[in-house]
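Colleague: Could you walk me through this model before I set anything up with it?

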Amino acid sequence: MQVLHKAMKGLGTDDSTLIRVVVTRTEVDMQYIKAAYLKKHKKTLNDEVHSETSSHYRTFLLSLLGPNH
């Protein structure tokens with residue numbers, strides 16, 4: 001979770017880290033990660049990814065993350 005936050009913090013996004021974490025954790029424990037991210041950062045992971053990415057890249061990551069809840 002902290003890795004995801006650091007990847008999107010400040011100017012620019014660490015795309016390789018963001019992709020690696022989302023892709024490798026999607027099937028295992030993404031729902032836990034999303035809940036913990038919301039609790040710690042008061043913003044959903046989906047909303048953060050949406051604000052930090054664009055175009056097909058955004059669509060791809062959001063589809064892997066699943067519904068925003």
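Predicted model: local features only at pLDDT ≥ 70, side-chain atom pairs only at ≥ 80, totals over all residues.

Colleague: Okay, which residues make up the largest nonpolar core?

Modeller: The largest nonpolar core has twelve residues, namely Leu 4, Met 8, Leu 18, Val 21, Val 22, Met 30, Ile 33, Tyr 37, Leu 45, Val 49, Leu 61 and Leu 65. Helix 1 (2-8), helix 2 (15-41), helix 3 (45-52) and helix 4 (55-65) each contribute at least two residues to this core, and the largest share, six residues, is from helix 2.

Colleague: And what does Met 8 touch, leaving out residues up to four places away in sequence?

Modeller: With those left out, Met 8 touches Thr 13, Leu 18, Tyr 37, Leu 45, Glu 48, Val 49 and Glu 52.

Colleague: Back to helix 2, what does it span between its end C-alpha atoms?

Modeller: Helix 2 spans only 20 Å between its end C-alpha atoms, whereas a straight helix of 27 residues would span 39 Å at 1.5 Å a residue. Helix 2 also has a bend of about 105° at Thr 26, and after helix 2 comes Lys 42, with a positive phi near 60°.

Colleague: Which of its residues are buried, and what covers them?

Modeller: In helix 2 the buried residues are Thr 17, Leu 18, Val 21, Val 22, Met 30, Ile 33, Lys 34, Ala 36 and Tyr 37, and their cover includes helix 1, helix 3 and helix 4.

Colleague: How do helix 2 and helix 4 cross?

Modeller: Their axes come within 8 Å and cross at roughly 25°. That angle is under 35 degrees, so helix 2 counts as roughly parallel to helix 4. On the helix 2 side the contact involves Asp 15, Leu 18, Ile 19, Val 22, Val 23, Thr 26, Met 30, Gln 31 and Lys 34, and on the helix 4 side Tyr 57, Phe 60, Leu 61, Leu 64 and Leu 65.

Colleague: What about helix 2 and helix 3?

Modeller: For that pair the axes come within 11 Å and cross at roughly 140°, which means that helix 2 is oblique to helix 3. Leu 18, Met 30, Ile 33, Lys 34 and Tyr 37 of helix 2 meet Leu 45, Asn 46, Glu 48 and Val 49 of helix 3.

Colleague: Switching topic, is Glu 48 buried or exposed?

Modeller: Glu 48, which is found in helix 3, counts as buried because its relative accessibility is 12%, and buried means under 20%. Apart from neighbours within four places in sequence, Glu 48 is in contact with Met 8, Tyr 37 and Lys 43.

Notes:
Residues numbered from 1 in each chain as written. Heavy atoms only, no water. Core = buried A, V, L, I, M, F, W, Y, C linked by side-chain atoms within 4.5 Å. Buried < 20%, exposed > 50% of the residue type's maximum accessible area, 1.4 Å probe, protein only. Helix = DSSP H or I, 4+ residues; strand = E, 2+ residues; numbered from the N terminus. Contact = heavy atoms within 4.5 Å. Expected span 1.5 Å × (residues − 1). Bend = angle between axes of the 7 residues up to and from the residue. Axes fitted to C-alpha atoms, helices over the stretch in contact; angles between N-to-C directions. Parallel < 35°, antiparallel > 145°, perpendicular 65-115°, else oblique.
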